[in-house]
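Here is a quick tour of the model, starting with the ligand and what sits around it.

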Amino acid sequence: MTAAEDIIIARDVHKYFGDYHALRGVNMSVRAGEKIVIIGPSGSGKSTFIRTLNRLEPHNKGTIVVDGIELKDGSNLDAIRREVGMVFQSFNLFPHLTVLQNVTLAPMRVRKASKAQAEQVAMELLERVGIPEQASKYPAQLSGGQQQRVAIARALAMQPKIMLFDEPTSALDPEMIKEVLDVMKELAHSGMTMLVVTHEMGFAREVADRVVFFDQGNIVEEATPHAFFANPQHERSKLFLSQIL
Ligand code: ADP
Ligand code: MG
């Protein structure tokens with residue numbers, strides 16, 4: 001497939017926080033429908049990289065093109081955020097809004113959906129993530145796993161073409177991890193383009209088309225999960241795997 005058909009193209013992407021060089025020339029191309037799992041040590045730039053893809057962090061050098069939209073100063077943020085949904089470790093739901101209101105807010109504000117339309121879509125999505133009965137509750141009344149499933153439904157309500165997940169299960173108690181991973185697997189099987197930063201190696205083996213290993217602000221190695229876990233090439237990937245597996 002040619003580069004023109006890639007839904008994400010990142011070329012020589014650099015990011016500085018003051019003097020600190022957090023991303024050091026990252027290159028990545030993602031085809032529509034591909035599932036990428038991003039792993040690597042803490043501080044290696046995983047979050048910073050995926051946040052550049054929806055411009056939560058503007059990059060300082062290099063080129064990022066998302067579904068044909070080049071991300072640069074003056075970019076149409078609304079257009080990019082419609083294309084790219086994001087789910088965070090800490091859920092980030094609006095605490096003063098009900099579950100249903102959390103899911104309908106952006107479609108009504110940004111996509112100008114009517115309340116009735118937005119609520120119909122929201123209820124379908126809450127069914128999809130398995131918690132339609134929680135629609136009128138507030139986030140604080142839900143378990144962590146339920147809150148994260150609301151966060152996924154909220155992101156999907158904007159009908160994104162790409163979903164970014166930044167350690168979506170890291171803040172969850174162990175018994176809630178599976179319910180969130182199951183929703184993510186269903187989404188993967190539906191054909192969504194997904195970039196997932198996670199320590200869940202079972203998920204990586206089962207779902208990823210490619211595992212991408214970050215270290216010190218750059219991609220050190222990438223491979224199919226089978227090849228990566230069976231036979232990591234780089235010393236730093238070997239060390240990392242020996243520490244987490
Ligand atoms: P990871 O997600 O792989 O753990 P991050 O992308 O969060 O790593 O961070 C990469 C590096 O950039 C770290 O050294 C971190 O301290 C630094 N960093 C991240 N965000 C900021 C920020 N807003 N200001 C200053 N430094 C930051
Ligand atoms: Mg991170």
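Start with ligand 1: the residues around it are F17, Y20, A22, P41, S42, G43, S44, G45, K46, S47 and T48. Keep in mind that this is a predicted model. Sorted by class, that shell has 4 nonpolar, 6 polar and 1 charged residues.

| Residue | Atom on the protein side | Atom on the ligand side | Distance |
|---|---|---|---|
| G45 | backbone N or O atom | oxygen atom of ligand 1 | 3.0 Å |
| S47 | N or O atom in the side chain | oxygen atom of ligand 1 | 2.8 Å |
| T48 | polar side-chain atom | oxygen atom of ligand 1 | 2.5 Å |

How much of ligand 1 does the protein cover? On its own, ligand 1 has 570 Å² of accessible area, and the protein covers 59% of that. The largest share comes from α1, with 3 residues.

Now for the largest pocket, which holds about 630 Å³ of space. Its lining is made up of 22 residues, and R81, F94, A106, R154 and M158 are the closest to the centre. As for secondary structure, α2 (77-83), β6 (84-87), α3 (99-109) and α5 (144-156) are the elements that give two or more residues to this lining. Which classes do the lining residues of the largest pocket fall into? There are 13 nonpolar, 4 polar and 5 charged residues.

Last, the annotation. An unreviewed UniProt entry carries the label "domain: ABC transporter" for residues 8-241. In the model, the span 8-241 is 38% helix and 26% strand, and its end C-alpha atoms lie 27 Å apart.

Methods: Residues are numbered from 1 along each chain as its sequence is written. Chains are lettered from A and ligands numbered from 1 in the order in which they are written. This is a predicted model: local features need pLDDT of at least 70, side-chain atom pairs count only at pLDDT 80 or more; totals for chains, interfaces and linings use all residues. Side-chain values use heavy atoms; hydrogens and water are left out. On a 1 Å grid over the protein atoms alone, a cavity is a set of points where a 1.4 Å probe fits but cannot get out, and a pocket is an open set with protein on both sides within 12 Å along at least five of seven lines; lining residues have an atom within 4 Å of a point. Grid points are joined across faces, edges and corners, and a volume is the space filled by probe spheres set on the points. Helices (H or I, at least four residues) and strands (E, at least two) are DSSP runs, numbered from the N terminus. Ala, Val, Leu, Ile, Met, Phe, Trp, Tyr, Cys and Pro count as nonpolar, Asp, Glu, Lys and Arg as charged, and the others, Gly among them, as polar. A residue is near a molecule or strand if one of its heavy atoms lies within 4 Å of it. A polar contact is a pair of N or O atoms within 3.5 Å; within protein, one must be able to donate a hydrogen and the other to accept it, and residues adjacent in sequence count only if both atoms are side-chain atoms. Accessible areas come from the Shrake-Rupley method with a 1.4 Å probe; for residues, only the protein chains shown count as cover. UniProt positions are given in the numbering used here, feature names are shortened, and annotations may be inferred rather than shown by experiment.
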